[in-house]
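The entries follow in the order in which I made them.

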Amino acid sequence: EVQLVESGGGLVQAGGSLRLSCAASGFIFDDYVIGWFRQAPGKEREGVSAISSTEGSTYYADSVKGRFTISSDNAKTTVYLQMNSLKPEDTAVYYCAAHYGLGPLAVTPDEYSEWGQGTQVTVSS
């Protein structure tokens, strides 16, 4: 019933941009924090960004701050991650995930209960 579907990944040159989308269904969107995570080969899954539309708060990892922007379209129950000034080190599978609860934004994978299947982002040098 719960479904998160990512889209928008692809191949881009360093310095380019992509916009990822996470379409959510099957749960009350407003009650959840939506986060973006990424996992590169051989690396741990790491938090990239998160948003709580209800609280109007956002989180960004230091590595993407100033380059990525998270936003939410509540009417479409979709969260976006605008990725600018992409670097090769941004290459990873990007996942969106949902966390139920209010309070500080969850930024670790084990705090999220629902996950999408991921979308590949590859940034060439």
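Predicted model: local features only at pLDDT ≥ 70, side-chain atom pairs only at ≥ 80, totals over all residues.

**Sheet and serine**

I began with the pairing of E7 and strand E8 (residues 78–83), which run antiparallel to each other over six bridges. Strands here are DSSP runs of E with at least two residues, numbered from the N terminus, and I took two strands as paired if DSSP finds at least two bridges between them. Within this pair I noted that Ser72 has Val79 in E8 as its bridge partner.

Residues are numbered from 1 along each chain as its sequence is written, and side-chain values use heavy atoms, with hydrogens and water left out.

Next I followed the whole sheet, which is open and has four strands in the order E1-E3-E8-E7, with antiparallel pairing. Its edges are strand E1 (3–7) and strand E7 (68–73), each of which pairs on one side only.

Then I turned to Ser52, which lies in strand E5 (residues 46–52). Is Ser52 buried or exposed? I found Ser52 buried, at a relative accessible area of 4% (buried means under 20%, exposed over 50%, partly exposed in between, with a 1.4 Å probe and protein chains only). Leaving aside neighbours within four places in sequence, Ser52 is in contact (heavy atoms within 4.5 Å) with Val33, Ser57 and Leu105.
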